Amino acid sequence: MKRTSIISILAGAAICAGAQMPREFTPDQKLRYAEAVIENFYVEDVNADSIVDEGIIAMLKTLDPHSSYTNKQETTELTEPLNGKFSGIGIQFNMSTDTVCVVQTISGGPSQRVGILPGDRIISADDSVIAGRKLPNSAILKTLRGEKGSKVRLKVKRGASDELIDFVVTRDEIPIHSVDAAYMVTPEVGYISLSRFAEESGKEVAEAIMKLKKLGMQKLILDLEGNGGGYMQPAVEIASQLLANGSPVVFTKGRRTDPQYFNAENRRPLFDGPVVVMVDQYSASASEILSGALQDNDRGIVVGRRTFGKGLVQRPFPFPDGSMIRLTISRYYTPTGRSIQKHYEKGKGEEYYLDMLNRYESGELMSIDSIHLDKSHPYKTLRSGRTVYGGGGIMPDVFVPVDTTYNSKYYRDLVAKGAIQKYTFDFCDHNRADMLQRYPTEDAFFAPEGGFDVSPEMISALVAVGEKDGVEPNPEQLDRSLPIIKAVIRGLIARDIYENGTYVRATNSLNPVFIEALGIITDPDRYSSLLN
């Protein structure tokens, strides 16, 4: 025998001798007995560690979609986006039905640059099929990560279409900064884009607020679109920078854990002017804690689409070998008592992660009338007494549908083949000195008058690059997508010449959620009426 535990000896003796086993096992004895039987009597050699790992994974799948197990390598790699640096393609993913499902693209990372979106499913990488093979996270990460500058060809399935999209992604060092952009939209309105809630996020947001206040900020747009969350504590820290001292931020309740209440802690708010928060269907977890706290305290207006609905609290339970269970132990509730978590059925994680597709097919992303709210239990905000609803995610005060105005297959193919990125890289490589001389700062680059604009000659050059890469010219679709193509070119050039955060400054002009947020925060009467 390989082991001499009581259970192993009991199993071996009983089976070999035909002895009668105890009539009942406790659950833990039953598991140990099963493992001992397999290890000692299976027809071929087995890896006991692998059997135990698979058993833990199977147990957790019967609970909820967010309880999970990771081995030592996976535990290290999965915490890197919140703690360190690495080179790769820049995505966060979940395994859904043995398929890599993109949960979030790292802002400014390689995957976002070529147009990979949350909800995309990666079928293959180079010549290796990774869908349907039950590969562990470590194998997926090993395939997708690699040396900076190396390329990987991905085949991606998007939505209900059977057509696979080809992407060529150049691996790069993945940016870890939480604040992607912080700039003045108008002389009074500041804008901060937050992509994740990492260890330093509270500090980064505070620094951004101080920077913008020095530039004259009196009103703030806080962009949480696509922010899949992270650590809870930074959400409380950021809420403390905007709420009055002692204001409730979030509380948790669980079956075996005492309720925990988190309130704003400060001498005075770092910023006390009007606030509008941008959210969408990919804003999750800590994003929902922050936006829900501001909404429930009547501290700001939430604009966009219903958020993801991730309100389960995971606690890490590490093993001595470096592996870890992240077990759901409680739920998040907003200050009014709304549960953030959307509905799920135990053991049906696949259906849970198809929720985005279901929202699209039901029309929820296009029309507020298609959103089914749980109106059986309304809640009242803490100061104005406005009615808000629970049942999953944060429902914005002002709904903004998805905008498909500029979509076309031609534009999608240009992005997927990397043609726009390739063109802008070559443009910057040949014109960097001239651009810096003409536009020494990003403010000069984005100036309404005299700033940089994309010329017709540049568009013609891009079309030629695309054609060389196999994207057949399509004048009609090019004309339809021209505004977004020009905005993306401006953003990529600005990001290359100045800094990462300038990309969103170029594309915000076509973002309907941003446009709505700006319209509200610059209209005092509308802002006040929505808040009251």
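Arg 113 is partly exposed, with a relative accessible area of 24%, where partly exposed is the class between buried, under 20% relative accessible area, and exposed, over 50%, judged with a 1.4 Å probe and protein chains only. Its side chain meets that of Asp 172 in a salt bridge, at 3.3 Å from N to O; the term stands for a side-chain nitrogen of Lys or Arg within 4 Å of a carboxyl oxygen of Asp or Glu. Because Asp 172 lies in strand β9 (residues 172-173) and Arg 113 in helix α5, the pair ties together parts that are 59 residues apart in sequence. Helices (H or I, at least four residues) and strands (E, at least two) are DSSP runs, numbered from the N terminus. Asp 172, for its part, is buried, since its relative accessible area is 18%.

The model is a predicted one, in which local features need pLDDT of at least 70 and side-chain atom pairs count only at pLDDT 80 or more, while totals for chains, interfaces and linings use all residues. Residues are numbered from 1 along each chain as its sequence is written, and side-chain values use heavy atoms, with hydrogens and water left out.

How many salt bridges does the structure hold? There are 18 of them, and one joins the side chains of Arg 386 and Asp 298 at 2.8 Å, N to O. This pair links distant parts of the chain, 88 residues apart, with Arg 386 in the loop between β19 (379-380) and β20 (387-388) and Asp 298 in the loop between α9 and β16. Both Arg 386 and Asp 298 are buried, and Asp 298 has a relative accessible area of 8%. The phi angle of Asp 298 is near 55°, a positive value in a residue other than glycine.

Another salt bridge brings together the side chains of Arg 306 and Glu 364, at 2.9 Å from N to O. Here too the partners come from distant parts of the chain, 58 residues apart, Arg 306 in the loop between β16 and β17 (312-318) and Glu 364 in the loop between α11 (355-362) and β19. Arg 306 counts as buried because its relative accessibility is 13%, and Glu 364 is buried with a relative accessible area of 7%. Elsewhere, Glu 163, Lys 409, Arg 412 and Asp 413 are linked in a network of salt bridges.

Helix α8 (residues 232-242) is mostly covered, as nine of its 11 residues are buried, among them Met 232, Pro 234 and Leu 242.
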